[in-house]
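Please keep the sequence and the structure in view while reading.

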Amino acid sequence: MNKQAVLSLSGGMDSSTVLLHLLANGYEVTALSFDYGQKHRVELDRAQSLVRYLNDNRMEQSPLGNFAEKYPLIKYQTIKLDGLSKLLNSALVTGGDEVPEGHYEQENMKETVVPNRNKIFSSLIQAVALSIANEKNTEVHIAMGIHAGDHAIYPDCRQEFRDADYTAFTEGNWDAERVTYVTPYLFGDKFDILQDGRRCCDSLGLNFNRVYSLTNTSYKPINIGDKWFSDYKSASSVERIEAFIKLGQPDPVEYADETGPVGWDTVKKHVEEVLANA
């Protein structure tokens, strides 16, 4: 039996790379996305597209012409939390304030916190993971893409929260010790995540640019002619672009601003200026 993992797949760069990491390490993955009324709902479309791409490319042909499975079929589902956004106070949900721009280290980025978001997601993921563990009589890992860059602004991405949440889970459920966590990037940053993503793509025989073109990190996506572009000024985008600059290659997602689509040179220049003034 393959190792089992349940992943919270937002459609962003971090959780998408965790998905690659799990596949490269022999896991059978159940991926869950959550529709909680986020403004950047395009991330859900990207998550579905990525899973479709990965499932379509999981077979490889040997020199003898036979086909073999590179990794197991990904099971995927979107969970709708209807009505929740109307009760939440956050710039990230529909009806909330304008999403701030700048760098994550700035105080105004706390406006992008969604109250108790990871706890809400965690409870549902734990329920699914424990159900799989009991059904298959095996250990199940819950995988998350939380990383060091999130710690300052999002307390529910810190290890202290994960430990307390796991304690509550084990206290409230029989056989909960069958479920444990895997957070491969907890002490890394987005650059570390991208480096691992490139290694995993090479290992799995996947096109790195194609994979990351199917992710969304922008909190302020821009729709032009029924096509979605990422912004390059919100903090989530700045952090992602910074990682690609460090990696030494352009980000394959398409960017735009109020004037229309823009090229990588414009995007890179803006982020370098933001970082210089941070």
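## Helix 5

At 1.5 Å a residue, the 15 residues of helix 5 (residues 190-204) should span 21 Å, and this agrees with the end C-alpha atoms, which lie 21 Å apart; the expected span is 1.5 Å times one less than the number of residues. Helices are DSSP runs of H or I with at least four residues and strands are runs of E with at least two, numbered from the N terminus. The model is a predicted one, in which local features need pLDDT of at least 70 and side-chain atom pairs count only at pLDDT 80 or more, while totals for chains, interfaces and linings use all residues. Residues are numbered from 1 along each chain as its sequence is written, and side-chain values use heavy atoms, with hydrogens and water left out.

Buried (under 20% relative accessible area, with exposed over 50% and partly exposed in between, for a 1.4 Å probe and protein chains only) are Lys-190, Ile-193, Leu-194, Asp-196, Gly-197, Cys-200, Cys-201 and Leu-204 of helix 5. They cover an arc of only 165° around the axis, which puts them on the same side of helix 5; the arc is that of the directions from the helix axis to the C-beta atoms. On the other side of helix 5, Arg-199, Asp-202 and Ser-203 are exposed.

## Strand 6

Strand 6 (residues 140-143) is covered on both faces, with Val-140 and Ile-142 buried on one side and His-141 and Ala-143 buried on the other. Strand 6 runs parallel to strand 1 (residues 3-8), to which four bridges join it, and Val-6 has Ile-142 as its bridge partner.

Note on methods:
Two strands pair if DSSP finds at least two bridges between them.
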